[in-house]
Amino acid sequence: MSICKKCNGYGTVILRKVDSYCESCFLIGANHKFRACLGKTKTLSPNEKVLICIKGGLGSTVLLDLVSNGLTLDNHKKLRIIPYFLHLKGFENEEKNLEIAKAVIKMCNVYGFNVYVSNISDYIHSDYILPDVNTLPTLDDVTVDRFQMLIRSMPPTAQIDFLAKIKRKLFIRVAQKLECKFIFSAETTTTLAHHLLSNIATGRGSQVQNDIGFSDNRDTIKILRPIKDITKEELTHYVHVKALKVIHNQETERKDSLQSIISAFVTDLQVNFPATVSTICKTADKIGNHHHKTNKCEICESDLDMENSQLSALEATSFSRIISIMEPQHRNRDNITNKNSSLFPYIHKFLCYGCSRNLSEASNSELPSYILDKIKVS
Ligand SMILES: [Zn+2]
Ligand SMILES: [Zn+2]
């Protein structure tokens, strides 16, 4: 029989193969991690409006429960925020997406919360009208077609990367409409370790701090990750102990992408070397520069700072790529420099390397017109 590490009671939750907890000490621990993470920042003032993104997977199901718990407390530990909820409806399988969206509405309503549901294809348009709460949005075929063409013309690795930037943008757009200065998103230690390695592999190493740290500060609306110290293993126990229903557990990532390989690697690490994953994330929090540049990528809002760079990894990559596609007789310095900007569209001036490379790999690189307008007018 295993003994709870905290209270010496009967331990039924076993973490990292060695640490046992009873259900009640385990839940207290998870709530504590959530509150400690928010507490450290001191960025939230009382009654702050916060937009909370609910995908319906493991992370957001637990986040919803933790927020609800925090709000119902009746003491000094009460969570003092005004929450708004958003679900972004996917674009690939409409029947399935509708099913998920309906289940998310139901799940939020059970807690007494309203939820906004929006289509991810709304990204195509610059204007955004807030839908009625708890209703499924209508789809406009032209918009969906354009969106699908843009995404599907990219190879899997670029698709996943670009979709993550699109979702971030849409979260911020909805937060603006609702006058929320903060967004909560539900990444765990495990997902963040995965994102960190993916970032590095896709040339977004300089964006690690905003993508993996507690707070994404690229926009005036900040994205916070309050369950970032909780692992996927703990979440799985959490839903089990509290008998919560996770709406969908499918990994949305395509099997033939770089991200899916990294995800498999991190999952394996988590099982066999659990301490490594949290070490990866702690390292990420220490990397990065805090100063802000005025030039930002039009897609992901990352700083465009190339002034002081020596020969960067990007230049090395462009160079080898250009060389490999050029006829040998044209391989001279001027040709290579000219090709650099056409190979990676709008790079440095309007887009970061990661976003520009996504476009360079799309056969239909027609961005939404509101982005193109900015790029061309400037
Ligand atoms: Zn206990
Ligand atoms: Zn970018």
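Cys4 counts as buried because its relative accessibility is 1%, buried meaning under 20% relative accessible area, exposed over 50% and partly exposed in between (1.4 Å probe, protein chains only). The structure is a predicted model, in which local features need pLDDT of at least 70, side-chain atom pairs count only at pLDDT 80 or more, and totals for chains, interfaces and linings use all residues. Residues are numbered from 1 along each chain as its sequence is written, chains are lettered from A and ligands numbered from 1 in the order in which they are written, and side-chain values use heavy atoms, with hydrogens and water left out.

Donors here are N, O and S atoms within 2.8 Å of the metal (3.2 Å for Na, K and Ca); water is not among the atoms, so sites may look incomplete. Four donors count as tetrahedral if all angles lie between 85 and 135 degrees; four count as square planar and six as octahedral if opposite donors are over 155 degrees apart and all others between 65 and 115, and anything else is irregular. Helices (H or I, at least four residues) and strands (E, at least two) are DSSP runs, numbered from the N terminus. Cys25 also counts as buried, because its relative accessibility is 15%.

The protein donors of the zinc ion (ligand 2) are the SG atoms of Cys297, Cys300, Cys352 and Cys355, at 2.3 to 2.4 Å. Angles of 105 to 119° between the four donor atoms make the arrangement around the zinc ion (ligand 2) tetrahedral. The donor residues of the zinc ion (ligand 2) are spaced C-x2-C-x51-C-x2-C in sequence. Cys297, in the loop between α10 (274–286) and α11 (313–325), and Cys355, in helix α13 (residues 353–360), are 58 residues apart, and the pair links distant parts of the chain. Both Cys297 and Cys355 are buried.

The chain as a whole provides the setting for these sites. Its secondary structure comes to 14 helices and eight strands, and 49% of its 378 residues count as buried. Among contacts (heavy atoms within 4.5 Å) between residues at least 6 apart in sequence, 69% join residues at least 24 apart.

Helix α4 (residues 141–152) illustrates how a helix is placed. Its 12 residues reach 16 Å from first C-alpha to last, close to the 16 Å expected at 1.5 Å a residue; the expected span is 1.5 Å times one less than the number of residues. Thr143, Val144, Phe147, Gln148, Leu150 and Ile151 of α4 are buried. Viewed down the axis of α4, these buried residues fall within an arc of 160°, so they line one face of the helix; the arc is that of the directions from the helix axis to the C-beta atoms. Helix α5 (156–177) is included in what covers the buried residues of α4. On the other side of α4, Asp141, Val142 and Met149 are exposed. In helix α9 (residues 258–272), the buried residues are Gln259, Ser260, Ile262, Ser263, Val266, Leu269 and Gln270.

Asp161 is in helix α5 and is buried, with a relative accessible area of 9%. Not counting residues up to four places away in sequence, Asp161 touches Thr202, Arg204, Gln259, Gly354 and Asn358. Asp216, in strand β7 (residues 215–216), is buried, with a relative accessible area of 1%. The side chains of Asp216 and Arg168 are joined by a polar contact of 2.7 Å. A polar contact is a pair of N or O atoms within 3.5 Å; within protein, one must be able to donate a hydrogen and the other to accept it, and residues adjacent in sequence count only if both atoms are side-chain atoms. His87, in strand β4 (residues 81–89), counts as buried at 3% relative accessibility.
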